[in-house]
Amino acid sequence: MATRSDTTPSPTSAIRYLATKCINRHRARGWLVPWGPNGCQQIHSFDEPLAKTLDANDIVFAVHVPLPNKEMSPWFQYMLAVLQYDIAFKMINQIEDDVIITIDAGLAYRDDFRSEWTTKFHSVVQRPLRCIFAAPKTYENEGRFYHCDPVPFMELGCVAHKYYLINLRLPVNDTVNVGIGEIKDIHVVGIHQNGGFTQVWISMKTVFSPWIFVATAWYWRRIGLMARPPVLLEKVIFALGISMTFLNVPVEWLSLGFEWTWMLLFEDAQQGVFYAALFCFWIIFCGEHLMDQSQRNRLSAYWWQVGLVMFGSFILLIFDLSERGVHLTNPFYSVWASEIGAKVAIAFINVAGISVCLYFLSLCVMVRCVLRNIGGKIQQLPAMPEARRLRYKGIIFRFKFLMLVTLACAAMTVIFFILNQVSEGHWHWGDYTLQVHSAFLTGIYGMWNLYVFTIIFLYAPSHKHNRNKSGDSQQTDVLEKPESQETQLSCGEQGPTETYRITGKVAEE
């Protein structure tokens, strides 16, 4: 079972259920319950005398979720299920290489013990069975168990009912489920989001949502009051505020009262939109502080960088639709079920991780160029009057600090992205207890909101520009007295900040 933090609720819990071996001689279509007043006739071991009279098709593995005296809750948000097989080694019944196991799976639900079970989903699925036997395959080692990888089984996008019932049957004939060894038991590992973490997460979104929405609306209103049209950087900041607002929308409140199976897909879309906006913002933010005035304010100057981000986002969407999109109608579907699908999924996660790392390295290079560009402007400060020199020193120091904060935010975002991809796929790889600590998740989310709010606040146009144009003209006159053309400090066109205006040259090589 997953461990919990002493101070904060863990994001997820993993609970192991041992499937009950129910007898279904007539192979009726009804639901078999593992315990309770209507519990099925069962056997505890296949070595019992009664089991010797049964056919493999007479056995149904039944699991009741949750455990006795417990209830599921909409606060759990989603539920995953992983199968773990206990398979004994037999010389005459060994597991074949690259064998596929066929599962006749059904899921039912009810909300009280007096109601009948209602069928929710039923499907016949196939999964690869990957097992190794550590000991020599001899008669002396018969009865020892294989080590088998957990098998991805089911993913529900919401937990709208109190009780769930899983029935599994392994149909056997001349061509189906041959060479899968001697299965002794099946364990189902149920994974769900903890209710305490959900409450913390929704509360944070409820607080941040109006905060960022008001800040974004206020920012665009300030842009609208300017006599000039908005520059590219201001438009991108506005788009970043909108994407942050979209990510903050606490639709989880509504999911507590409605059976919305598409919530996981919607949450992925929220994150995807924000990632795309944030990555594009960082590229344009650094680029606009490097470009010549003649090259600034043109989105076409960043066509290949923005294009790569959009292409990556599109690939993420396709991959998500191929998995969670199908889960809307069949929660037993898994892209990991086939050898090719598993390889493609692992390759995708690896490529995504490498891509964001390369993006971060390129961003580091751009930040270095920006800082070097600003460093060239510092050489002109001694020629200024003391008051103005101190003022511009403060401006440059704050901008350098903002760039370093941007770099730190980008580093944490890249780490979060990689861990998020791994945490979503780790249970397919055989380690279903791996989880990212809740403090890290909430910390990253809070960091994003604080960073976006800071950018909006710092880059909002000042009302002083409309009332103090003469002061700007005087500053421009002073700034246009450099010792050489290479270190010219040019204000150029009006922009959102002083730093934006004074960095209107390509960084010195």
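A disulfide is taken here as a pair of cysteine sulfur atoms within 2.5 Å. By that criterion Cys22 and Cys40 form a disulfide, with their sulfur atoms 1.9 Å apart. The model under discussion is predicted.

**Overall composition**

The protein chain contains 12 helices and 12 strands. Of its 509 residues, 50% count as buried. Among contacts with a separation of 6 or more, 79% come from residues 24 or more positions apart.

**Disulfides**

The structure holds 2 disulfides. When the bonded cysteines are counted along the chain, the links follow the pattern 1-2, 3-4.

| Disulfide | S to S distance | Torsion about the S-S bond | Handedness |
|---|---|---|---|
| Cys22 and Cys40 | 1.9 Å | about -60° | left-handed |
| Cys131 and Cys148 | 2.0 Å | 105° | right-handed |

The torsion of about -60° is the reason why the disulfide of Cys22 and Cys40 is left-handed. Cys22 belongs to strand β2 (residues 20-23), whereas Cys40 sits in the loop between β2 and β3 (42-43), so this link ties together parts that are 18 residues apart in sequence. Both Cys22 and Cys40 are buried.

Cys148 has a relative accessible area of 3%; since buried means under 20% relative accessible area, Cys148 is classed as buried.

**Other buried cysteines**

Cys280 is buried as well, with a relative accessible area of 10%. Cys409 likewise counts as buried, at 2% relative accessibility.

**A four-stranded sheet**

An open sheet is formed by 4 strands in the order β1-β12-β5-β10, with antiparallel pairing. Strands β1 (12-18) and β10 (151-156) stand at the edges; each has a single partner strand, so one side of each is left without a neighbour in the sheet. On average, neighbouring strands of this sheet are turned by 25° against each other, direction ignored.

Within the sheet, strand β5 (residues 79-88) pairs with strand β12 (residues 182-193) in the antiparallel sense over 10 bridges. In this pairing, Ala88 stands opposite Glu182 in β12.

Definitions and conventions
Residues numbered from 1 in each chain as written. Predicted model: local features only at pLDDT ≥ 70, side-chain atom pairs only at ≥ 80, totals over all residues. Heavy atoms only, no water. Pairing = 2+ DSSP bridges. Helix = DSSP H or I, 4+ residues; strand = E, 2+ residues; numbered from the N terminus. Axes fitted to C-alpha atoms, helices over the stretch in contact; angles between N-to-C directions. Buried < 20%, exposed > 50% of the residue type's maximum accessible area, 1.4 Å probe, protein only. Contact = heavy atoms within 4.5 Å.
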